[in-house]
Amino acid sequence: MTSLTTCADAEAAAVRAASEIARRLQSALRERGVAHLALSGGTTPGRAYELLAQELEDWRGVELWFADERCVGADDEESNYRLAHETLLGSASGLEDARVHRMEGELGPELGAERYESSLRERAPLEDELAVLDVIVLGIGPDGHVASLFPGSPTLDVQAPALCIGVHDSPKPPPERITLTLPVLRAARRCVLLATGAGKADAVDAMLAEPSRHVPASLLRRGHLSVIVDDAASPEPPNPPAPAD
Ligand code: 6PG
């Protein structure tokens, strides 16, 4: 079952997300000596990343990946890598540069995806041809997209052995991106999806309803998914039972 946690506000949601991500990384490090973490971009997760940097005291053994990236340079204000660099990379004690795997968005969608896929094959555990990451941190768009997988897009149909694909028509600017495929998101031991603000409430509601290509988040593997929201993004509560006559 998907776990849904509703927190009072965005700060509490960030605290909760950082705590769960750190706990899962620690567990992976204990069990396998390595922990594979992939980050998303956007405006939501930055605070959670700042808190996560401190929550996990020792980052040695963590392999840091990205769920998606815009096709911009690493220091571009649109870059997801830049977001991670500004919030987490600089303060994650013991995180080795060689274990930070940036998507090279500046190479463009195809070449960037191709090179990232090679890195994943080289450094991530593979099961049934798919990279199995321990934790993938996701946001969700108002349209229900996750990473750079958008509603109704043919990218939703890309299967193994592809791990990473180029996007040319993102409705969310910039149009050119690199993204992990849906099967890789579904293969993850856990996806932690963070959504805050009233603008995400409908998308969260739709994500928890019937799986649909119109809502990519609804296609995530429900039993491997933690959804952490603030009150404003909380899905409509079920209608309260009618008062007894
Ligand atoms: C990206 C993100 C994307 C993001 C959602 C939510 O590169 O844009 O990876 O999937 O998580 O669009 O973005 P906000 O957090 O800004 O609402």
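Biologist: How far does a polar side-chain atom of Thr 44 lie from an oxygen atom of the ligand?

Modeller: First, this is a predicted model, where local features need pLDDT of at least 70 and side-chain atom pairs pLDDT 80 or more, while totals for chains, interfaces and linings use all residues. Residues are numbered from 1 along each chain as its sequence is written, and side-chain values use heavy atoms, leaving out hydrogens and water. A polar contact is a pair of N or O atoms within 3.5 Å. For Asn 80 the distance to a ligand oxygen is 3.0 Å, for Arg 177 it is 3.1 Å, and for Thr 44 it is 2.6 Å.

Biologist: How much of the ligand's accessible area does the protein cover?

Modeller: On its own, the ligand has 420 Å² of accessible area (Shrake-Rupley method, 1.4 Å probe). Of that area, the protein covers 94%.

Biologist: Which kinds of residue make up the shell around the ligand?

Modeller: The ligand is surrounded by 15 residues (a heavy atom within 4 Å), with Asp 68 and His 145 among the closest. By class, the shell divides into five charged, two nonpolar and eight polar residues.

Biologist: How many disulfides are there?

Modeller: A disulfide is a pair of cysteine sulfur atoms within 2.5 Å. Cys 191 has its closest cysteine sulfur in Cys 164, 15 Å away, so the gap is too far for a bond. The count is zero disulfides.

Biologist: Is Cys 191 buried or exposed?

Modeller: Buried means under 20% relative accessible area and exposed over 50%, with partly exposed in between (1.4 Å probe, protein chains only). Cys 191 has 3% relative accessibility, so this residue counts as buried.

Note on methods
Polar contact = N/O pair within 3.5 Å; in protein donor to acceptor, adjacent residues only side chain to side chain. Nonpolar A, V, L, I, M, F, W, Y, C, P; charged D, E, K, R; others polar.
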